[in-house]
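Have a look at the structure first, then read on.

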Amino acid sequence: MGVIVQKYGGTSIATPTLIKSVANRIVATRQAGHEVVVVVSAMGGHTDELVGLSREISPNPSPRELDMLMTAGERISMALLCMALIDRGFDAVSFTGSQAGIVTDAAHGKARILDIKATRIRASLESNKIAVVAGFQGVAPTSSDVTTLGRGGSDTTAVALAASLKADACEIYTDVDGIYTADPRRVATARKLSRVNYEEMLELAASGAKVLHVRAVEFARNYQVPVHVRSSFSQEQGTWVVQEDKSVEQAIIRGVAHDASEAKITLQRVPNRPSMAAKIFRALSDATINIDMIVQNVSSAGSTDVSFTVPESDLVQAESVISDVCREIDAPGYDVDPNIAKISIIGAGMKTHPGTAATMFEALGDKGINIEMISTSNIRISCIIASKDLDAALNAVHDQFALGTLGDTSLASGETLSEVSEGQLSRPSQDPASKKADKRGE
């Protein structure tokens with residue numbers, strides 16, 4: 001049987017007891033005949049401790065040194081897990097990101113994978129060893145410095161390695177048992193999905209679903225890697241993220257996602273002249289601030305208001321940039337609203353079902369929830385609302401589309417991991433080790 005890449009998050013390996021339990025799961029996979037590569041995060045809470053230590057030393061730590069510090073957690077995890085595997089009689093060897101051949105650009109704290117040179121991992125598999133890789137990290141070839149991949153980096157490490165090794169599947173083990181139609185902590189009727197296609201998962205992740213990182217899903221889609229999101233605390237099947245099956249009619253709406261971590265900025269009375277929008281958003285781009293939704297009002301008396309959303313974590317920096325921009329373009333000022341939330345519906349089926357947007361807006365309107373901004377794609381509709389209305393909005397939209405009761409495209413009875421990989425899925429022969437990858441950005 002082929003290669004399986006397994007990724008374990010911090011909650012799955014938070015204690016020595018849990019590390020031993022994970023080792024037993026890995027051994028079971030190996031005994032089933034698979035070659036196994038494991039990617040680990042830092043033990044639960046360890047990364048936050050390291051961040052706290054850095055802030056005690058310096059209010060603005062050097063990005064290079066912060067990356068050196070942050071990669072320590074994953075190195076501890078990989079070594080401890082290898083010890084547990086060796087104690088169980090299985091050869092195991094640990095690799096840092098650089099030893100595993102994960103080549104990145106030089107952007108400390110948010111590096112992107114450029115290449116995978118998995119020579120040492122392949123050699124360890126050929127020697128009948130289990131390879132354990134530190135997630136979240138790589139090396140910049142221009143400086144030989146350690147880099148980190150940012151939030152969700154271990155997911156990205158695992159899927160990129162699975163693509164490079166042409167693995168049968170990438171299993172993402174976490175403290176949840178799959179992907180739900182909505183956050184089950186906020187929507188009591190949320191239902192676990194058996195299967196989601198790559199495009200839907202990309203929109204879910206980009207719209208606030210925290211189970212998988214956007215860049216990990218991009219790798220999976222680009223290299224046709226089947227991803228299985230499942231719990232490390234049970235043996236139950238989770239959710240498969242796979243390519244769309246064209247022979248099956250897609251559900252109109254797959255799920256409802258939300259993001260309460262954004263803020264809205266509105267520039268007042270921007271002169272209605274060419275290049276004004278370019279100046280605003282170029283300045284924000286130069287400050288590496290990501291913009292989500294943008295709305296420009298109808299021009300009146302030669303000026304217009306421009307609203308956009310940014311991550312709340314970037315708000316202070318964004319305000320500094322916008323203050324300078326207002327002076328440059330002769331806009332009188334700006335407003336900030338941190339008390340917003342984004343709610344999104346996602347589903348490939350909406351492309352062929354008119355009226356989906358109206359149905360969503362009616363659900364919100366019936367609850368007296370005002371919509372401040374709207375953004376759409378072929379398979380997503382997003383609305384900005386007041387954060388105080390988020391729970392009511394999620395439940396109203398989830399109920400309106402009957403997501404708690406609709407059927408699901410599920411694995412057939414008895415369908416196995418290998419049948420999923422070998423049936424409808426065929427990955428391209430292109431290997432990220434021979435082609436620059438992950439160029440789509442954050």
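Which side chain meets lysine 342 in a salt bridge at 2.6 Å, N to O?

## Lysine 342 and its partners

That would be aspartate 292, going by this predicted model. The two sit 50 residues apart, so to speak, in distant parts of the chain: aspartate 292 is in the loop between helix H9 (276-286) and strand S17 (294-296), and lysine 342 is in strand S20. Aspartate 292 counts as partly exposed because its relative accessibility is 34%.

Lysine 342 also forms a salt bridge with glutamate 262, where the closest N and O atoms are 3.7 Å apart. Here the link runs between strand S20 (residues 340-346) and strand S16 (residues 262-271), with 80 residues separating the pair.

## Other salt bridges

Across the whole structure, a search turns up 17 salt bridges. One of them pairs glutamate 200 with arginine 254, at 3.2 Å between the closest N and O atoms. It ties helix H7 (residues 198-206) to the loop between strands S14 (239-242) and S15 (255-259), bringing together residues 54 apart in the chain. Both glutamate 200 and arginine 254 are buried.

## The nonpolar core

Now for the greasy side of things. The largest nonpolar core has 47 residues, and Val5, Ile121 and Val227 have the most contacts inside it. Setting aside neighbours within four places in sequence, valine 227 touches Val159, Cys170, Ile172, Leu212, Ala220, Thr239, Trp240 and Val241.

Methods:
Residues are numbered from 1 along each chain as its sequence is written. This is a predicted model: local features need pLDDT of at least 70, side-chain atom pairs count only at pLDDT 80 or more; totals for chains, interfaces and linings use all residues. Side-chain values use heavy atoms; hydrogens and water are left out. A nonpolar core is a set of buried Ala, Val, Leu, Ile, Met, Phe, Trp, Tyr and Cys residues joined through side-chain atoms within 4.5 Å. Buried means under 20% relative accessible area, exposed over 50%, partly exposed in between (1.4 Å probe, protein chains only). Contact means heavy atoms within 4.5 Å. A salt bridge is a side-chain nitrogen of Lys or Arg within 4 Å of a carboxyl oxygen of Asp or Glu. Helices (H or I, at least four residues) and strands (E, at least two) are DSSP runs, numbered from the N terminus.
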